[in-house]
Amino acid sequence: MSQGYARSAFALAALCAACTGDVVDDTGAPTPFVPEVPAPKPDPWRVDGQVGDLTLIRQEANVSAGRVVRVAGVFADRLDGLEWPAACEFSERLCVPAGTPLETEVDALAAGLDTEGVQFAWLGDEVVLDDLIATFDVKPDGPLGGYRGRVSGEGLLLDRYPLVLSGGEWGDFDAEALVPLPERIQTFYPPTDRPVALEGETLTRFRWAPGGEGQMVLTLRGASWATTRLLEDDGEVLIDTAGWRWSSPVDVRLSRVAEAGVVDVNGNALTLHTIAEQGWCLYDTCAGEPIGGITGALDFEFCWSPTSCGDSRWVLHPDGTWTTLEGYIGTWEYDCCNERIDLYFSSGTHYWGERDETGCFVGEMLSWSGNQGDWQGCL
């Protein structure tokens with residue numbers, strides 16, 4: 001082959017390579033041509049730079065409830081105002097303002113997230129932790145959106161729960177064995193399988209095994225009030241119950257809260273919390289004085305005869321008096337031991353009744369003129 005023919009053949013090969021998209025290097029060998037492919041654009045609703053709180057709650061059985069495992073979650077561009085926002089807002093637990101010192105009693109009903117200008121995130125219809133599924137919920141009193149779910153019973157518990165998110169503003173996420181199950185609180189006193197009676201005591205003692213990682217929290221919840229305070233994990237707390245009077249039991253709840261890490265979810269920071277919880281039912285067994293500190297309404301129906309019936313409402317005041325919209329007045333007493341209520345009209349008419357299995361009152365009445373009848377009502 002002549003040199004001129006060889007040079008022509010090489011030029012032809014280079015020209016053909018250019019036609020096919022191949023590139024010829026210095027040795028004359030073609031290399032594949034790789035076109036530049038633009039990166040896929042994220043979905044327009046995706047967000048990053050946000051924060052979230054996902055909380056797993058292990059509630060042990062007591063005299064009034066069996067074991068329950070709960071999950072609560074809230075996700076937003078900021079979460080300000082609470083120590084544990086998900087537990088408070090979507091599981092009605094641990095409503096403690098951020099920065100609360102130890103042994104400071106706070107009104108748990110008044111604590112809440114700062115929602116001014118906050119953008120809450122939607123992470124799909126469900127947040128899934130194995131069989132523990134939290135569904136999306138929006139609180140009716142504001143723009144607060146988040147997730148809550150629960151499972152009850154004595155089934156097997158996982159040492160660690162997976163977490164699956166799909167279709168929401170944080171994108172898809174699937175992690176196995178991510179959220180740890182907290183160890184239960186070992187309690188020593190009082191027993192959890194029966195009510196705790198006051199019986200005139202001025203201090204009620206609760207004891208547990210100290211030394212676990214996390215923050216201990218004590219919550220007391222009555223019919224219309226709730227208080228919470230942070231404790232040292234030293235194994236004991238005394239509650240001053242002198243002069244306490246109730247028409248219904250008080251829920252005492254001891255919790256150990258721990259942070260289980262911060263996880264990156266497609267550019268968003270998700271904090272994991274766990275809560276081990278043990279509860280007791282505290283009953284007032286003292287008789288005599290009216291219930292202090294509570295104003296309640298007793299709705300009732302009465303019949304003096306089959307053809308003479310009606311309904312009304314007593315507003316029971318803490319000082320032992322009651323009033324009605326019709327203008328009647330009188331006094332009332334509650335016997336905690338026998339769960340009996342007595343109501344006296346200023347005219348001399350007397351109503352009395354005892355709680356039934358539904359928690360309402362059923363009783364009789366005697367008018368100032370000697371007429372007798374029956375009544376029933378509920379607080």
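**Backbone, side-chain pairing and confidence in the predicted chain**

N266 is partly exposed at a relative accessible area of 33%; here, buried denotes under 20% relative accessible area, exposed over 50%, and partly exposed the range in between (1.4 Å probe, protein chains only). The structure is a predicted model, in which local features need pLDDT of at least 70 and side-chain atom pairs count only at pLDDT 80 or more, whereas totals for chains, interfaces and linings use all residues. Residues are numbered from 1 along each chain as its sequence is written, and side-chain values use heavy atoms, with hydrogens and water left out.

N266 also has a positive phi of about 50°, although N266 is not a glycine. This residue occupies the loop between β17 (250-265) and β18 (268-283); helices (H or I, at least four residues) and strands (E, at least two) are DSSP runs numbered from the N terminus. A positive phi, near 60°, is likewise found at D130, another residue other than glycine. D130 belongs to the loop between β6 (126-129) and β7 and is partly exposed, at 42% relative accessibility. The peptide bond from Y189 to P190 is cis, with omega near -5°, and P190 sits in the loop between β11 (187-189) and β12 (196-197). For context, most residues other than glycine have a negative phi, and most peptide bonds are trans.

Across the chain as a whole, two helices and 26 strands are assigned. Of its 379 residues, 41% count as buried. Among contacts (heavy atoms within 4.5 Å) with a separation of 6 or more, 56% join residues 24 or more positions apart. The chain exposes about 20100 Å², of which carbon and sulfur atoms supply 51%; accessible areas come from the Shrake-Rupley method with a 1.4 Å probe, and for residues only the protein chains shown count as cover.

On this surface, W122, F136 and V138 make a nonpolar patch of about 240 Å². Patches consist of residues with over 30% relative accessible area and no salt bridge, like charges being joined within 9 Å and nonpolar side chains (Val, Leu, Ile, Met, Phe, Trp, Tyr) within 5 Å. F136 belongs to strand β7 (residues 132-138) and, at 31% relative accessibility, is partly exposed.

Salt bridges, defined by a side-chain nitrogen of Lys or Arg within 4 Å of a carboxyl oxygen of Asp or Glu, number 16. E236 and R205 form one of them, at 2.6 Å from N to O. Because E236 lies in strand β16 (residues 236-240) and R205 in strand β13 (residues 203-208), this pair ties together parts that are 31 residues apart in sequence. Both partners are partly exposed, E236 with a relative accessible area of 34% and R205 at 38% relative accessibility. In the salt bridge between E60 and R58, the closest N and O atoms are 2.6 Å apart, and both residues are buried. R340 and D342 also meet in a salt bridge, at 2.8 Å from N to O; R340 is partly exposed at 28%, whereas D342 is buried at 8%.

Aromatic pairs number 17. One of them, formed by W322 and F345, is edge-to-face, at 4.7 Å centre to centre and 75° between the planes. This pair links distant parts of the chain, 23 residues apart: W322 is in strand β21 (residues 321-323) and F345 in strand β23 (residues 340-345). Rings of Phe, Tyr and Trp (its six-membered ring) pair if their centres lie within 6.5 Å; planes under 30 degrees apart count as stacked, over 60 as edge-to-face and the rest as tilted.

The mean pLDDT (the predictor's confidence in each residue, from 0 to 100) of the chain is 84, and 83% of its residues reach 70 or more. Over residues 1-23 the pLDDT stays under 50, and the model has 13 contacts beyond four places in sequence for this stretch. Residues 286-293 also have pLDDT below 50, with 26 contacts in the model beyond near neighbours in sequence. Where pLDDT is low, the predicted coordinates should not be read in detail.
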